[in-house]
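The following paragraphs lead the reader through a protein model, moving from its helices to its sheets and then to individual residues. Please keep the sequence and the structure in view while reading.

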Amino acid sequence: MTAPLLSIEDLRVHFTLPGQGWFGRGKQVVRAVDGVSLQIGRGQTVGLVGESGCGKSTTGRAILRLAPIAGGRVVLDGTDLASLSPDALRRVRRRMQIVFQDPFASLNPRHTVVQIIGEPLGVHDLRPPGERIGRIRELLDLVGLPSSALGRYPHEFSGGQRQRIGIARAVAAEPDFVVLDEPVSALDVSIQSQILRLLLDLQQSFGLTYLFIAHDLAVVGQMSDEVCVMYLGRIVERGTRQALYDNPQHPYTQALLSAVPYPDPAIEATRRRVILTGEVPSPVSPPPGCHFHTRCPIAVDRCRTEVPGLRAVGSDHVAACHLATGAVAT
Ligand code: SF4
């Protein structure tokens with residue numbers, strides 16, 4: 001990979017829950033993100049996947065400083081964001097945008113489309129006031145909405161159309177990097193593919209770099225050059241799309257992949273489904289050793305005490321499992 005556009009190193013996000021005892025005693029620390037590192041090359045997409053509550057959305061928000069960072073570094077285009085003054089950080093933020101999961105909740109219901117998409121143009125002073133309306137029309141056209149949408153409110157649109165408005169708002173800021181936080185999971189399947197196509201077209205047109213967050217490995221696979229699998233605040237496997245989908249090494253990735261339907265019914269009928277038992281442990285008190293050992297179908301004694309680090313299991317492919325060998329699973 002050439003110099004990455006975005007690099008995060010040992011990122012940590014901890015939330016403190018108030019204690020139930022006298023004077024707030026018994027506070028608990030939730031390690032929502034616990035030492036995540038990844039890099040994204042310019043114009044590339046990295047997928048971040050895992051069950052709900054694994055810390056993937058918090059990671060995306062922490063990169064944009066929408067969640068408090070307890071440790072680690074976020075570097076955009078060679079600049080450590082922690083080293084910036086508030087003014088400089090505000091300028092850099094324009095280059096980093098987000099598209100949220102719930103297009104309805106993320107749009108101000110009292111604002112018209114022209115106000116919603118026009119906001120980043122005004123905040124970042126991207127166009128002279130007289131040119132803004134023309135730019136908003138262009139952006140609507142880019143995301144496949146008619147100019148007649150300008151004066152309407154979010155509730156007057158379908159879920160897919162609202163997501164198009166959210167995407168237009170993100171693109172209006174002329175970003176380099178966009179966090180796509182479950183951008184299609186609230187939409188009907190038929191609409192999902194249209195929105196994914198739109199995101200790919202915009203990436204090609206503007207050279208955008210994406211962090212694509214989702215719980216569905218099938219969707220992540222369609223969009224990503226590289227995929228990171230998260231469990232309880234940590235990345236447990238990372239690889240190119242091909243390496244990870246053809247030869248998953250971590251039992252958690254294998255279980256997630258086994259749940260993805262295969263398009264060929266004959267192959268689908270012969271596939272082995274890995275059913276994970278047990279609940280995802282609480283990030284307040286994760287299990288010792290490998291965090292996954294309480295649900296892992298192949299755990300051995302050392303898994304209960306020794307933390308597995310990420311190690312190479314192939315070319316551009318790492319996994320955090322004591323038993324991963326790199327060999328193709330049978
Ligand atoms: Fe399972 Fe042990 Fe590997 Fe963890 S380290 S995924 S418990 S085999």
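In helix 5, Gly160, Gln163, Arg164, Ile167 and Val171 meet Ile191, Gln194, Ile195, Leu198, Leu199, Leu202 and Phe206 of helix 6. Sorted by class, the residues of this contact between helix 5 and helix 6 comprise eight nonpolar, three polar and one charged. The model in which these residues are seen is a predicted one.

The geometry of this pair may be considered next. Two packed helices are described by the angle between their axes and by the distance between the axes. Helix 5 packs against helix 6 (residues 189-206) at an angle of about 15°, and their axes are 10 Å apart. Because of that angle, helix 5 is roughly parallel to helix 6. The crossing of the two helices is right-handed.

Helix 5 also packs against helix 3. Here helix 3 (residues 113-123) and helix 5 (residues 159-172) have axes 7 Å apart and an angle of about 25° between them. Helix 3 is therefore roughly parallel to helix 5. Helix 3 passes helix 5 in a right-handed crossing. On the helix 3 side, the residues involved are Val113, Ile116, Ile117, Pro120 and Leu121, and they meet Ile165, Ala168, Arg169 and Ala172 of helix 5. This contact of helix 3 with helix 5 has eight nonpolar residues, no polar residues and one charged residue.

Helix 3 has a further partner in helix 4 (residues 129-142): the two axes come within 10 Å and cross at roughly 115°. Helix 3 and helix 4 are therefore roughly perpendicular to each other. Their crossing is right-handed. Helix 3 contributes Val113, Val114, Ile117, Gly118, Leu121 and Gly122 to the contact, while helix 4 contributes Arg132, Ile133, Arg135, Ile136, Leu139 and Leu140. By class, the contact of helix 3 with helix 4 consists of eight nonpolar, two polar and two charged residues.

In which order do the strands of the four-stranded open sheet stand? The order is 2-1-4-5, and the pairing is antiparallel.

Strand 1 and strand 2 pair in the antiparallel sense over eleven bridges. Within this pairing, glycine 41 in strand 2 is the bridge partner of proline 4. Strand 1 also pairs with strand 4, again in the antiparallel sense, over five bridges. Serine 7 has valine 75 in strand 4 as its bridge partner. Strand 4 (residues 71-76) in turn forms an antiparallel pairing with strand 5 over two bridges, and valine 75 stands opposite aspartate 80 in strand 5. Across this sheet, helix 1 (residues 56-63) lies over strand 1 (4-17), strand 2 and strand 4, running at about 115° to strand 1.

Strand 1 and strand 4 are linked through side chains as well. The structure holds 18 salt bridges. One of them joins arginine 73 to glutamate 9, with the closest N and O atoms 3.2 Å apart. This pair links distant parts of the chain, arginine 73 being in strand 4 and glutamate 9 in strand 1, 64 residues apart.

A second open sheet has eight strands in the order 6-7-8-3-9-10-12-11, and its pairing is mixed. At its edges stand strand 6 (96-99) and strand 11 (311-314), each with a single partner strand, so one side of each is left without a neighbour in the sheet. From one strand to the next, the twist averages 25°. Strand 7 (residues 177-181) and strand 8 (residues 209-214) pair in the parallel sense over five bridges. In that pairing, valine 178 stands opposite tyrosine 210 in strand 8.

Finally, glycine 326 lies in the segment after strand 12 (317-319). Its contacts, apart from neighbours within four places in sequence, are with Asn247, Gln249 and Val313. Glycine 326 and isoleucine 8 are separated by 318 residues in sequence and by 26 Å in space, C-alpha to C-alpha.

Methods: Residues numbered from 1 in each chain as written. Predicted model: local features only at pLDDT ≥ 70, side-chain atom pairs only at ≥ 80, totals over all residues. Heavy atoms only, no water. Axes fitted to C-alpha atoms, helices over the stretch in contact; angles between N-to-C directions. Parallel < 35°, antiparallel > 145°, perpendicular 65-115°, else oblique. Left-handed = near helix turned anticlockwise from the far one by under 90°. Contact = heavy atoms within 4.5 Å. Nonpolar A, V, L, I, M, F, W, Y, C, P; charged D, E, K, R; others polar. Pairing = 2+ DSSP bridges. Salt bridge = Lys/Arg side-chain N within 4 Å of Asp/Glu carboxyl O.
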